[in-house]
Amino acid sequence: VKALGNAMGRQVLVFNCDEGIDFKSMGRIFMGLVKCGAWGCFDEFNRLKEDQLSAISDMIQVIQAALKMEEKQVYLLGRTIDLNPSAGIFVTLNPAGKNYGGRSKLPE
C-alpha cells in the first residue's frame with residue numbers, strides 16, 4: 001500500500017494497531033485522513049480488541065460508502081467532516097492463531 005501510494009503521489013500514513021487503540025482514537029485518525037486526503041494503512045488491524053473492531057469497522061464502512069457515493073462530507077464521532085475524495089483507508093492482517101499471538105478473528 002505504501003509503495004503504491006507513493007508511486008501515485010499520495011501521502012501514506014502507516015499505523016501499527018494494537019490493543020491500546022480504541023474507536024475514539026481511531027475515529028480521530030480517520031477524521032484527519034478524510035480531511036487532508038491522505039491514505040491510511042492500518043497494519044495488523046486484527047490486533048485491536050474484539051469489542052473495538054466492530055465500531056471501527058463501522059466507521060470504515062461509512063467512509064468507504066461516502067467515497068463511493070462521491071459525498072462532500074461524512075459523519076464521524078458525532079461530527080460532520082469535509083471529505084477529500086483522495087482519502088483512502090487500507091488494513092492489513094496477520095492470521096489469527098497460535099503462531100501470531102494477540103490477533104482476533106474479524107467479526108462477520
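**Exercise 1. Give the order of the elements from the N terminus on.**

Solution. The elements run α-β-α-β-α-β-β-β. That is 3 helices and 5 strands. Helices (H or I, at least four residues) and strands (E, at least two) are DSSP runs, numbered from the N terminus. This is a predicted model: local features need pLDDT of at least 70, side-chain atom pairs count only at pLDDT 80 or more, and totals for chains, interfaces and linings use all residues. Residues are numbered from 1 along each chain as its sequence is written, and side-chain values use heavy atoms, with hydrogens and water left out.

**Exercise 2. State what share of the protein is buried and what share of its contacts joins residues 24 or more positions apart.**

Solution. Step one: burial. Of the 108 residues, 34% are buried. Buried means under 20% relative accessible area, exposed over 50%, partly exposed in between (1.4 Å probe, protein chains only). Step two: contacts, meaning heavy atoms within 4.5 Å. Take the contacts with a separation of 6 or more; residues 24 or more positions apart account for 69% of them.

**Exercise 3. Describe how α2 packs on α3.**

Solution. Two packed helices are described by the angle between their axes and the distance between the axes. Step one: geometry. Helix α2 covers residues 23–36 and helix α3 residues 50–68; their axes come within 10 Å and cross at roughly 15°. Therefore α2 is roughly parallel to α3. Angles under 35 degrees count as roughly parallel, over 145 as roughly antiparallel, 65 to 115 as roughly perpendicular and the rest as oblique. Axes are lines fitted to C-alpha atoms, for helices over the stretch in contact, and angles run from 0 to 180 degrees between N-to-C directions.

Step two: handedness. The crossing of α2 past α3 is right-handed. In a right-handed crossing the near helix is turned clockwise from the far one by less than a right angle.

Step three: residues. From α2 come F23, M26, G27, F30 and V34; α3 supplies Q52, A55, I56, M59, I60 and I63. The contact has 9 nonpolar, 2 polar and no charged residues. Ala, Val, Leu, Ile, Met, Phe, Trp, Tyr, Cys and Pro count as nonpolar, Asp, Glu, Lys and Arg as charged, and the others, Gly among them, as polar.

**Exercise 4. Contrast D51 and Q52: is each buried or exposed?**

Solution. D51 is exposed, at 57% relative accessibility. Q52 is buried, at 14%. Now look across the chain. Leaving out residues up to four places away in sequence, Q52 touches I21, D22 and F23. D51 and D22 are 29 residues apart in sequence, with 9.1 Å from C-alpha to C-alpha.

**Exercise 5. Locate the salt bridge and say which parts the pair ties together.**

Solution. Side chains of opposite charge can pair when their charged atoms come close. The whole structure has 1 salt bridge (a side-chain nitrogen of Lys or Arg within 4 Å of a carboxyl oxygen of Asp or Glu). E19 and R47 form the salt bridge, at 3.7 Å, N to O. E19 sits in the loop between β1 (12–16) and α2, and R47 in the loop between β2 (39–43) and α3, so the pair ties together parts 28 residues apart in sequence. E19 is partly exposed at 42%; R47 is partly exposed at 21%.
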